[in-house]
There are 2 protein chains.
Amino acid sequence: MPQAFFEKHQTTLYAALDAIGSRCYWSAYAEMPSPKIYGETAPATGKTDYEAHLGKHFDLTQPGIQAWAGGEQSPYGVALDVQYPVCAIQALIDAGQAAMASWQALGVNGRTGVCMEMLARLNQRSFELAHSVMMTTGQGWMMAFQAGAAHAQDRGLEAVAYAYREQSFVPQDAMWEKPQGKNPPLRMQKHFEIVGRGVAVVVGCGTFPTWNTYPGLFAALATGNAVIVKPHEQAILPAAITVKILREVLSQVGVSPNLVSLCVPANQEITQALVTHADVKSVDFTGSNSFGNWLIDRCRQAQVYAELAGVNTIVIDSTDSYQAMLRNLAFSLCLYSGQMCTTSQLLVVPAAGIGTDEGAKSYEQVCADLAAAIDLALAKPEVACAVLGAIQSPATIARIDHANSGELGTVVRASQTLHNAEFPAAVVRSPVLLAVDASAESAYMEERFGPITFVVKAADTNAAIALAERIVHTHGALTLAVYSTQSAVVDAMTQASWNAKVALSINLTSGVFVNQSAAFSDYHGTGGNPAANASYCDSAFVANRFRVIQRRYHV
Amino acid sequence: MPQAFFEKHQTTLYAALDAIGSRCYWSAYAEMPSPKIYGETAPATGKTDYEAHLGKHFDLTQPGIQAWAGGEQSPYGVALDVQYPVCAIQALIDAGQAAMASWQALGVNGRTGVCMEMLARLNQRSFELAHSVMMTTGQGWMMAFQAGAAHAQDRGLEAVAYAYREQSFVPQDAMWEKPQGKNPPLRMQKHFEIVGRGVAVVVGCGTFPTWNTYPGLFAALATGNAVIVKPHEQAILPAAITVKILREVLSQVGVSPNLVSLCVPANQEITQALVTHADVKSVDFTGSNSFGNWLIDRCRQAQVYAELAGVNTIVIDSTDSYQAMLRNLAFSLCLYSGQMCTTSQLLVVPAAGIGTDEGAKSYEQVCADLAAAIDLALAKPEVACAVLGAIQSPATIARIDHANSGELGTVVRASQTLHNAEFPAAVVRSPVLLAVDASAESAYMEERFGPITFVVKAADTNAAIALAERIVHTHGALTLAVYSTQSAVVDAMTQASWNAKVALSINLTSGVFVNQSAAFSDYHGTGGNPAANASYCDSAFVANRFRVIQRRYHV
């Protein structure tokens with residue numbers, strides 16, 4: 001059956017391989033939540049399936065169940081009340097390791113086929129998954145469907161494609177025949193076995209519980225490892241549904257479902273014991289610098305792939321599309337209330353202002369116009385709520401309040417509380433915009449996660465570029481952008497992006513936003529600055545997750 | 001000119017790519033020091049060129065020269081008396097970083113072409129390099145030429161081929177066009193730039209100063225990094241010649257020669273400052289567990305690729321070629337006096353003895369026969385000296401003396417001092433063979449580098465296999481072997497090799513030895529057990545040495 005799955009999905013696999021080879025546009029999973037694509041009953045069934053989890057024990061038949069726990073607080077203020085099994089981590093590790101031999105025996109094609117069947121099943125459950133993502137993270141519905149379902153699946157498939165490509169380079173066998181002059185050649189038969197490193201742990205985050213989990217999950221699985229998914233305590237349900245689907249597929253192909261398990265730890269100490277366990281050989285993490293750096297420091301037995309925080313920056317030098325630039329920036333800052341690790345925190349503007357197609361604009365004018373553009377983007381309440389979603393964490397609310405207080409800089413636009421008609425208890429906040437001088441580094445030069453943006457006044461464009469490079473080099477960033485009509489400025493920013501090792505978006509004025517990265521084409525993170533030590537997705541993300549064990553004998 | 005070098009060496013590159021794809025036999029550089037291959041004058045010229053270095057200052061025109069140092073002690077007892085520049089490490093790092101921009105600008109093909117030209121020039125200098133390797137390491141001439149020149153060059157080329165393959169997967173450009181239903185598609189031009197991580201440091205070892213240095217050196221170079229070579233204090237000359245050749249090629253193609261430099265540190269503290277420097281992004285190391293683990297612990301700013309020590313083991317269950325097995329084992333143990341990181345330290349034999357084509361052999365008989373086989377292999381003094389070479393380190397002499405004392409086990413065969421007629425001051429020792437019970441773990445279960453071998457008496461074959469797996473899992477190994485006529489035993493050893501992640505050689509009775517690994521076909525190290533966290537060579541060895549920095553804009 002694994003081979004049958006491989007054949008069933010072969011066309012998709014080859015298309016994915018083409019896509020990672022060309023990095024042109026491609027997607028395997030439709031991003032529109034359309035009944036025409038997903039089936040007329042899919043929206044209703046997905047919602048029903050999601051609702052069926054609420055108020056229940058989520059059954060996973062995992063080993064070592066000690067208790068049940070849950071308590072996710074929805075940013076939309078709805079009651080979830082799902083209870084998940086709390087399992088002894090040693091039981092999960094042991095069961096995962098025991099499952100690895102049969103997983104190894106499937107070989108590259110078998111594992112790839114099974115992973116692709118898993119992704120296809122996840123795709124069929126996209127509505128259910130999207131509701132679970134929306135309700136746990138506070139994302140708006142469209143983002144939850146796109147980033148939480150289709151795009152997450154694309155990122156998972158991307159990792160499978162990379163893993164397949166790297167593994168398929170390793171020949172299974174070789175006949176080695178070394179000439180010996182006049183004597184008969186030395187001949188050896190060699191066999192090369194791909195063996196997973198061990199148990200992988202994937203630590204999810206509260207804002208993107210599938211999009212940031214699937215790359216590590218599928219990279220580790222496809223390369224022969226067992227995987228324990230440790231979701232964020234506020235976003236367990238999307239991970240639990242995912243794990244359950246994967247376990248069903250494994251059972252069907254005769255591999256122990258314990259190859260993939262969910263870990264809902266009783267406390268932080270259990271998480272620490274899990275990730276530092278001698279048998280855990282890789283840890284994928286998305287989240288805070290503090291825990292991420294703790295993982296890098298302490299998980300010495302494992303490869304750690306960490307997506308941390310950064311200070312994403314945009315340098316605004318000039319533009320020939322002022323209104324389009326403002327619209328693009330405003331939408332980007334509003335999207336999911338800036339709760340994306342890719343959202344820009346700093347807009348660096350020369351003190352003398354910028355040149356535009358509407359004439360020169362002073363620094364102050366840019367600030368005011370951007371505030372107005374945000375107001376305009378949020379003018380319709382239902383659109384505002386759909387774009388902003390809800391605030392995932394009380395810590396973010398505290399940061400917004402702090403920014404609103406004016407302590408961090410001059411408040412150009414204060415964050416407001418909005419009412420969501422569909423979810424009256426939803427916690428909705430619009431972006432806050434602060435004006436600061438470049439000298440106020442203590443205010444802006446650390447990540448302030450959420451809808452908090454600083455318009456930084458720099459001496460001039462060169463100073464702005466130098467500041468951007470320094471920020472990325474020292475504090476990290478997942479995104480960098482520039483607006484300029486001057487090729488010399490774009491070239492200087494390009495060099496800065498190479499020096500600081502961050503992806504650069506240039507003059508975005510249309511339907512692509514700096515905080516969006518497209519699977520198969522855009523690298524998410526470079527692995528070259530402090531915001532992330534790995535990238536979605538490249539060879540380095542998969543190549544060290546397996547080892548090749550050879551044997552040789554004379555023939 | 002880089003492009004011309006690429007074209008000049010393209011056929012060789014494609015052959016290398018084929019070889020890493022098939023892992024069948026292939027070699028780019030002739031391993032026989034034959035005038036017919038290398039030219040009639042090559043042997044004499046190489047010797048003269050080598051001798052021309054002796055008693056001189058080795059000029060490298062590097063920046064930041066503070067002093068001159070040297071003092072290599074030849075295991076052959078000859079005076080070398082070469083002085084090398086001691087340069088300020090900050091000067092080397094700064095100059096290396098400054099050289100990286102033009103190196104990056106050459107692109108993948110340009111860098112690959114230049115690296116291959118470097119290797120071709122090294123190959124032309126094989127006799128000179130082999131003499132320098134022989135005299136600094138104590139290797140016999142043939143090994144010095146093969147492992148020190150041709151095979152090291154093959155391993156360097158292998159790394160270049162892997163680096164080329166991974167980098168050439170990254171498209172330079174992509175036109176990304178996303179359909180938007182009835183609206184015009186979103187179109188973006190994207191560019192993907194390969195950028196080196198930073199300065200790489202390659203720390204060499206005293207026994208294989210080129211073979212263990214070239215993989216990391218060329219992997220780092222080919223992927224866009226500057227490289228500082230920090231040789232072992234007793235084997236500087238081969239590294240210095242190598243660096244000089246590479247710098248000449250760089251000058252010729254208009255890249256600053258400071259992209260590659262030699263670091264002869266004044267003391268250990270300087271080495272530590274170098275490898276922990278914030279701008280050093282990778283460290284390749286071959287050597288002791290103590291310094292290797294220090295590097296892994298302390299070089300948190302860098303990727304560390306470490307080849308450490310292990311306890312290589314052979315399980316002897318049965319054989320249908322007893323004499324051939326003994327000959328193979330004896331030669332393997334004698335070769336370079338066991339001073340290879342791949343030499344077997346333990347031969348595990350069941351207490352009840354083994355079955356052979358000459359009938360059953362008791363444990364004691366196996367010990368005695370192996371001792372006799374070693375005697376036979378060393379019967380002719382000139383052959384003995386050619387095979388044994390000389391002892392590289394006084395610490396190895398101390399370990400031999402300790403083993404000879406009988407403290408570690410029953411001395412089956414004592415190490416003897418031999419006289420080398422050509423080099424009367426050479427330090428030559430034959431192997432010592434000890435018999436121990438499996439319970440004497442404190443004697444044999446740590447690396448005792450040098451010609452020291454334990455014949456370990458295990459309860460039975462199953463116990464022997466279990467012991468071997470445990471040793472590799474806990475102490476690491478680069479090689480594992482088994483002799484058995486029973487497929488069940490071979491299968492069990494295969495499973496043990498997968499569990500412990502070590503390469504397995506089966507029934508070697510011919511002209512391949514367990515301590516030899518062939519470039520392009522045999523992985524050296526798996527990266528999966530404590531003896532090494534990386535392998536020569538695989539995708540993981542190169543994929544994380546560069547980052548891809550993209551930029552995108554609408555068209």
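**Figure 1. Contact between domain 1 and domain 2 of chain A in the predicted model.** Here 17 residues of domain 1 meet 17 residues of domain 2; contact requires C-beta atoms, placed from the backbone, within 7 Å. Helix 8 (residues 141-168) of chain A gives the largest share of the domain 1 side, three residues. Helices (H or I, at least four residues) and strands (E, at least two) are DSSP runs numbered from the N terminus. The domain 1 side holds eight nonpolar, eight polar and one charged residue. Nonpolar covers Ala, Val, Leu, Ile, Met, Phe, Trp, Tyr, Cys and Pro; charged covers Asp, Glu, Lys and Arg; the others, Gly among them, are polar.

**Figure 2. Chain A against chain B.** 51 residues of chain A are in contact with 51 of chain B. Strand 19 of chain A supplies the largest share of the chain A side, eight residues. By class, that side has 22 nonpolar, 16 polar and 13 charged residues.

Figure 3. Pairing requires at least two DSSP bridges. A:Ser505 stands opposite B:Arg552.

**Figure 4. The axis relating chain A and chain B.** In chain A, the C-alpha of A:Ala540 is nearest the axis, 3.3 Å from it. Superposition is by least squares on C-alpha atoms of residues with pLDDT of at least 70 in both copies.

**Notes.** Residues are numbered from 1 along each chain as its sequence is written, and chains are lettered from A and ligands numbered from 1 in the order written. In this predicted model, local features need pLDDT of at least 70, side-chain atom pairs count only at pLDDT 80 or more, and totals for chains, interfaces and linings use all residues.

Notes
Two residues are in contact if their C-beta atoms, placed from the backbone, lie within 7 Å.
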